[in-house]
Amino acid sequence: MLLRTNTFALLLLAASPASALPLPDTRPAECAVHAGTTVIHPWSDALPAHQRAAWLDARRLRWSAPADASSIVLLRAASPHLRLRPGNAPEGDAIRHALAPARVQQGETRFSHVTGATFELGAALPREAWRDTLVVVALDDEGRVLDATGVQNAGALDAVFAPEAKDAALGATVDAGATRFALWAPTATNVSLCLYGEGGAKPVAGAPEIDASLMGVDPASGVWTHTVPADLRGRRYAFLVDVLVPGVGLVRNRVTDPYALGLNADSQASVVLDLDDPTTKPDGWADDRRPDTVQGNTDLVVYELHVRDFSRDDATVPEAHRGTYLAFTHDDTAGMTHLRALAGAGLTDVHLLPTYDLATVPERDCARPELPAGEGPAGEGVQAAIGAVRERDCYNWGYDPWHFNAPEGSYSTAPDDAAARVREFRAMVQALHKAGLRVGLDVVYNHTMASGQDRQSVLDRVVPGYYHRLNAQGTVETSTCCANTATEATMMAKLMIDSAVIWARDYRIDSFRFDLMGHQPKAAMLDLQRAVDAATGRRIHLLGEGWNFGEVANGARFPQAAQGVLNGTGIATFSDRMRDAARGGRAGDRGEALHAQGWLSGLHHAPNAANAARPKAETEAELRRAEALIRVGLAGTLTEVQTFDADGVVKPLRDIRYGDGPAGYASQPGEVVNYTENHDNLTLFDSNALRLPLDTPRHERARVQVLGNALVLLAQGVAYLHAGQELMRSKSLDRNSYNSGDAFNAVDWTGERNAFGIGLPPAWDNEDSWPQMRPVLARARDLRPRAEDAAYVNAWTRALLRLRRDEPLLRLATSDAVQAALRFIPVDGEPGLVVAHLDGRALPAAHPAHGRELLYAINADPRARHAVTGSLGGGWRTHPTLDELADATIDASGRLSVHGRSVAVFVR
């Protein structure tokens, strides 16, 4: 009989009597159903679906078994028919394997989420056993069930199959006129290749052009392969995987290829591609050369940009190319003119928000909301209109991976043409390289959009329970937001590394930003670094979010790729120290916390209404602590560099506190990314809109914006800017615009338009803060940046970019160099002014900064401030890059005068 659900087709096959005619081959029809599932043998209702035990390797498992158990056994059955009812003997045909207590080995933290005793098989199971139903059972002295559970399989699969599979070529490859298909599925009982005819936009149920061929398996590796003696470039394919799914049964899953290089629209089928094929290359691809602007991490100045944001609202881009890869190929547009100007000033890398195949944007016929006209600046209509279509509109940040190795189709002019998607993506890379910009990708290997039997699940429908990180019950962890992947598993790490190699080698990507990198093992990231460098013959620069949280926090399962753990690796992590001190509050603030002020936003010197009644002594002390963290950030957040703390005592940065941890955590400046704004959370302008006093004039807000950008560009480490940060970009106070549509994510490269005050931000992530946001947005007429405000900030940002490019003292590569050259000068009176001296005379003669001297001052106080630098001597002058913008003087005696809310840089 045929059963259907909302998410996938479900075929239930009834057993045929022995005398009946053979069943017809249903595989072509099953190949035609996207994400379809056929239940071959349903899960027994008396068989536990949870997995409270975990294999540690091929013979040992851990389980918290009942203390009064007489024996612990492993039952193995060919189908999920067993009935294990407490108080009864096990029912159903099964092979019984005795388990004996085993000694715990030191350092086994990977499966520390499963507690209990360790048990061991007397002999290793045959390889085919890993396809079967395996249940660990505690029995009493009469053989009755006390408890039973499934066993998490990743440890065993890594021990048994991964050693042979980790170097296997997976996916579809074309060579010498033949096409080879390979899929790692060690627990599958059968795998078939679905091959679709050359016509049609997508597979059609019952269509005669669908061919289903059984694949063969290598029992040592668990890799299934099938070779067709023909060049199948451009053909669509999928797999049918017969595999046991806990709680569902023995099923036949129709899945796309986890290693797919190409896809049709909306990821209905994989497409055979050869990335050396001329159809995948834009004109001139062979001559593409990346800019030679970065030698080490500290040379990086990164600009974070969303593909659709770049051109969607740019009327100078041909309409058909707005919001697509090809928008970057038009030299004379407002967007490309702006990017070239930034590159000319010193910007090195454009980092694109996720561009792999996304799960949340329809690639054909996405919805476009009808926005109400005449809506007030604090109205609810715009966000309501977007909310009505947000799950099927054209916008998403893209942190929802479906297929890691294929370009997203919604950014292509031909989403159903897999080769065109590749060609257009490469054309974008080529155009950015031509503009003097290297290209980085924001990659998300820490989770997938879905797991289990969901229609957008791929990995878990091929090898159930392996690719995702599980909790103590055997369900998938979701601390990242979605289905956490287990990059500690050999084959998930292989997928991540192989994917990064494809992007670096075949798409000429120059750097990567890893989303929630702290959820990945340090060892896997080091393997990835070696692999991408070897594949390209050059250094590929890696940086990522090294946040320490969730089920892996504090090394619970493995040493993480997190802040303070990557020292000495050259892999950089984002630092929240200076970010939080500058902006005020913390990431993700809501409600009244949105009024918490920071070093930039008026703490102590310009209290807002929420802070006006606080004692001055209290706010001054808080400002001193924030200023100490500003110095930490400017000094590269380095463990060994010393400066004075809030109390005036000189100490290593590791001894200055940030919350309950050290402020300084990095061993080298290239291991830290400095930023005051990125795609997450409020933009810097929006944060200041909520935290500065409401009556702060627009030109003063522009000055504060410059200070925020100056902190990033004067700090030791990697500099990171968000697209539009130099134009006072606003998202109308939206703190999480990942699914907020085009309107809230708009950016205008001319600076003429600004999204501040298009209405209240979307209710689904901001409504609890509307009471704090509404009065601010209501003042949009007075607060919204004007074109001259954006131009002022843009001019300053470009000048600071040129300064950083031209001054190696701002890009010191080692902790020793920073310690030798950088000194912060104490300032009398209240905090709010930071003065630093960079002395290249202290560096070795061969150092590119030897002999250079810089003095910079950053004044967050609205008032003009003074400092005495007499001990440094005279001879200082304003740095030439800032001559036309300077707001400060220094006299022959060393007396420094700095305008309120301004930055000054002097050279000698």
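**Close-up views of salt bridges and one proline**

**View 1. Glu618 pairs with Arg614.** Glu618 and Arg614 form a salt bridge, with their closest N and O atoms 2.8 Å apart. A salt bridge here is a side-chain nitrogen of Lys or Arg within 4 Å of a carboxyl oxygen of Asp or Glu. Glu618 is partly exposed at 39% relative accessible area. Arg614 is also partly exposed, at 23%. Buried means under 20% relative accessible area, exposed over 50%, partly exposed in between (1.4 Å probe, protein chains only). This is a predicted model: local features need pLDDT of at least 70, side-chain atom pairs count only at pLDDT 80 or more, and totals for chains, interfaces and linings use all residues. Residues are numbered from 1 along each chain as its sequence is written, and side-chain values use heavy atoms, leaving out hydrogens and water.

**View 2. Arg908 meets Glu853.** Their side chains form a salt bridge (2.7 Å, N to O). Arg908 follows strand E44 (902–907) and Glu853 lies in strand E39 (residues 853–859), so the pair ties together parts 55 residues apart in sequence. Strands (E, at least two residues) and helices (H or I, at least four) are DSSP runs, numbered from the N terminus. Glu853 is buried at 4%; Arg908 is partly exposed at 28%.

**View 3. Arg508 meets Asp288.** This salt bridge spans 3.5 Å, N to O. Arg508 counts as buried at 18% relative accessibility, and Asp288 counts as buried at 9%.

**View 4. Pro369 sits in a loop.** The loop runs between strand E23 (356–358) and helix H6 (381–387). Pro369 touches Ala385, Ile386 and Val389, not counting residues up to four places away in sequence; contact means heavy atoms within 4.5 Å.
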